[in-house]
Amino acid sequence: MITMSTPAGLAYDSVGSGPLVVLLPGAGDLRSEYRFVVDRIASAGYRVVAADLPGHGDSSTASEYTVESTAQAIVDLIVALDAGPAVVVGTSFAPAAAIWAAAERPDLVGGIVAISPHLHADGSLKGRLQWVALKGLLRGPWAAAVWAKLYTGWYKASPPGDLAAEVGRLRTMVAEPARRAAVRRTLTAGRAGMAEKVSRLDHPSLVVFGSADDHFPDPVAEAASVSAELGGQHVLVDGAGHYPHVEQPQVVAQAILAFLGRRA
């Protein structure tokens, strides 16, 4: 494994050789989110690059934490790797940025895998209240404890054995004011312009949802809706929450490898 950073400061690990697969974690998480699938994909003949989002983990802080600015960071990463086009795998917040990047630079992206994606803002009263609550709760010294409790609750069927250690790393990140701000601003980034970017997407896609993902009122229906919107396929991981690739990495890795194989 090689650990490096782009000229713009995006930190990443690179494993294996072959066609490029870029893995991007959700907001408030680290590239180690993919720790159980990296080797499974790389051993099948791919170069797998797992990167921290801007302002997260080992990546440099930034002036903006929007979908658009994150999309530019993805573009910069693929250009710096000089190994594209890449299939971009993203979780939660990251698929929106990956789709934005693909719409703007279709030559650099060969496909999208969207895990538990939040592509559009939740305009309901509940969604707006949650947005306001997050902005308030993720400020000050209590933010690390709040984030740890929220994050732990998103694993439903099979929390990983190292969850406590992983949550400890997240708490350390959120305890740092500049990174806490990056997490908060990424989590609450607006989605203005996403519908237009989705309409321009002309790439194969795979959508992966846990059937017990409580980020969505009906994750099964959400999976079908998002895959139809992207014109792709979807996979449901039975019983899993918001991080199905952590709870059931073999199932998700197999789905990703099948998707990569169909593109070959």
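Colleague: How do H6 and H7 lie relative to each other?

Modeller: H6 and H7 are roughly perpendicular to each other (65 to 115 degrees). Helix H6 covers residues 163–175 and helix H7 residues 177–187 (helices are DSSP runs, H or I, of at least four residues). Their axes cross at roughly 105° and come within 5 Å (lines fitted to C-alpha atoms over the stretch in contact, with angles from 0 to 180 degrees between N-to-C directions). This is a predicted model, in which local features need pLDDT of at least 70 and side-chain atom pairs pLDDT 80 or more, while totals for chains, interfaces and linings use all residues. Residues are numbered from 1 along each chain, and side-chain values use heavy atoms, without hydrogens and water.

Colleague: Which residues of H6 and H7 meet?

Modeller: Pro177, Arg179, Arg180 and Val183 of H7 meet Met173, Val174 and Ala175 of H6 (heavy atoms within 4.5 Å).

Colleague: And at what angle do H2 and H3 pack?

Modeller: Helix H2 (residues 67–81) packs on helix H3 (residues 94–104) at about 65°, with the axes 8 Å apart. H2 is therefore roughly perpendicular to H3. Among the residues in contact are Ile74 and Val75 of H2, and Trp100 and Ala101 of H3.

Colleague: Changing topic, is His245 buried or exposed?

Modeller: His245 is buried, at 1% relative accessible area (buried being under 20% with a 1.4 Å probe, protein chains only). His245 sits in helix H10, residues 244–247.

Colleague: What surrounds His245 there?

Modeller: Beyond neighbours within four places in sequence, His245 contacts Glu33, Tyr34, Phe36, Val37, Thr91, Ile115 and Val252.

Technical notes: Helix = DSSP H or I, 4+ residues; strand = E, 2+ residues; numbered from the N terminus. Buried < 20%, exposed > 50% of the residue type's maximum accessible area, 1.4 Å probe, protein only. Parallel < 35°, antiparallel > 145°, perpendicular 65-115°, else oblique.
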